Amino acid sequence: MTMVRSTLPEPARGIAGDALQESLVDLLGLSLIGKQAHWNIVGPRFRSIHLQLDEVVSTARSYADQVAERAAALGVSPDGRPETVAARFDLQGPKEGWLRDTEVVRLLVEALETAIGRLRKRIDATEEADKVTQDLLISLTYELEKQRWMFEAENWPRED
C-alpha cells in the first residue's frame, strides 16, 4: 500500500489528522441533519427555512471535501464511510416524521452550536501543530457561525 508522506512531523500530523477526522464526521452528520429536515419541514416559514437548509448542507459538504483533502495531503486517510459517521457522530438529529418549522430552527441552532464548540477546541489544539489546518478550521467556524446566527434570528423572539 502506498502512503502519502506528510510534510508535518509526528505528533503534529496526528493532532491535525485527529482534528480533521473529527471535523469530517461532524460535517457529514450536519449535512444529513440538514437534508432530513429539508425534506420534512412543515409550517408557515417552510420555503425560507427549506432554502436555508440547503445553504447549510452546501456549506457542510463543501467543507467536508476541503477537510478530507487536507487530511489526505497530510498523509492521513480520511474516513467518511457511513459506518464511521454512524458510529462516531453524536449531534442531536431530527425526530422521525414531519418537523414543525420552529422545531427545525431550534434543532439547527443546537446542532450548529455544538459543532462550533467542538471546532473551537480543535482550533486551539491545532494552533501549534499545524497553522494551515487551524486556518481551515477557523474558516469553517466562521461559516457555521453565520448559519447559526441566521437560524437563531428565525425564532426571535423565542417561543420558550
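In this predicted model, T59 is buried, with a relative accessible area of 13%. Because residues under 20% relative accessible area count as buried, the value of 13% places T59 in that class. T59 sits in helix α2, which covers residues 46-73. Setting aside neighbours within four places in sequence, T59 is in contact with E143, L144 and Q147.

Helix α2 itself has 28 residues. From its first C-alpha to its last, α2 reaches 40 Å, close to the 40 Å expected at 1.5 Å a residue. Just after α2 comes G75, with a positive phi of about 85°. For a student meeting backbone angles, the background is this: most residues other than glycine have a negative phi.

Helix α1 can be looked at in the same manner. The end C-alpha atoms of α1 are 42 Å apart, which agrees with the 42 Å that its 29 residues should span at 1.5 Å a residue. α1 is mostly covered, with 21 of its 29 residues buried. In the segment before α1 lies P11, and a cis peptide bond joins E10 and P11, with omega about 5°.

Which loop holds T126? T126 is found in the loop between α4 and α5. At 0% relative accessibility, T126 counts as buried. A polar atom of the T126 side chain lies 3.2 Å from the backbone oxygen of I123. Leaving out neighbours within four places in sequence, the contacts of T126 are I15, A16, A19, K131, T133, Q134 and L137.

Side chains of opposite charge can pair when their charged atoms come close. How many salt bridges does a search of the whole structure find? The search finds 16 salt bridges. One of them brings together the side chains of R118 and D26, at 2.9 Å from N to O. This pair links distant parts of the chain, since R118 belongs to helix α4 and D26 to helix α1, 92 residues apart. R118 is partly exposed, with a relative accessible area of 21%, whereas D26 is buried, with a relative accessible area of 5%. Both residues also belong to a network of salt bridges that links E22, D26, D90, R118 and R122.

A second salt bridge is formed by the side chains of D54 and K35, at 3.0 Å from N to O. Distant parts of the chain are linked here as well: D54 is in helix α2 and K35 in helix α1, 19 residues apart. D54 is partly exposed, with a relative accessible area of 29%, while K35 counts as buried at 16% relative accessibility.

The side chains of R45 and D101 also meet in a salt bridge, at 3.6 Å from N to O. R45 lies in the loop between β1 (41-42) and α2 and D101 in helix α4, so the pair ties together parts that are 56 residues apart in sequence. R45 is partly exposed, with a relative accessible area of 21%, and D101 is buried, with a relative accessible area of 1%.

Finally, the structure can be set beside its database record. An unreviewed UniProt entry carries the annotation "domain: Ferritin/DPS" for residues 18-153. In the model, the end C-alpha atoms of that span lie 33 Å apart, and the span is 78% helix and 3% strand.

Key: Residues are numbered from 1 along each chain as its sequence is written. This is a predicted model: local features need pLDDT of at least 70, side-chain atom pairs count only at pLDDT 80 or more; totals for chains, interfaces and linings use all residues. Side-chain values use heavy atoms; hydrogens and water are left out. Helices (H or I, at least four residues) and strands (E, at least two) are DSSP runs, numbered from the N terminus. Buried means under 20% relative accessible area, exposed over 50%, partly exposed in between (1.4 Å probe, protein chains only). Contact means heavy atoms within 4.5 Å. The expected span of a helix is 1.5 Å times one less than its number of residues. A polar contact is a pair of N or O atoms within 3.5 Å; within protein, one must be able to donate a hydrogen and the other to accept it, and residues adjacent in sequence count only if both atoms are side-chain atoms. UniProt positions are given in the numbering used here, feature names are shortened, and annotations may be inferred rather than shown by experiment. A salt bridge is a side-chain nitrogen of Lys or Arg within 4 Å of a carboxyl oxygen of Asp or Glu.
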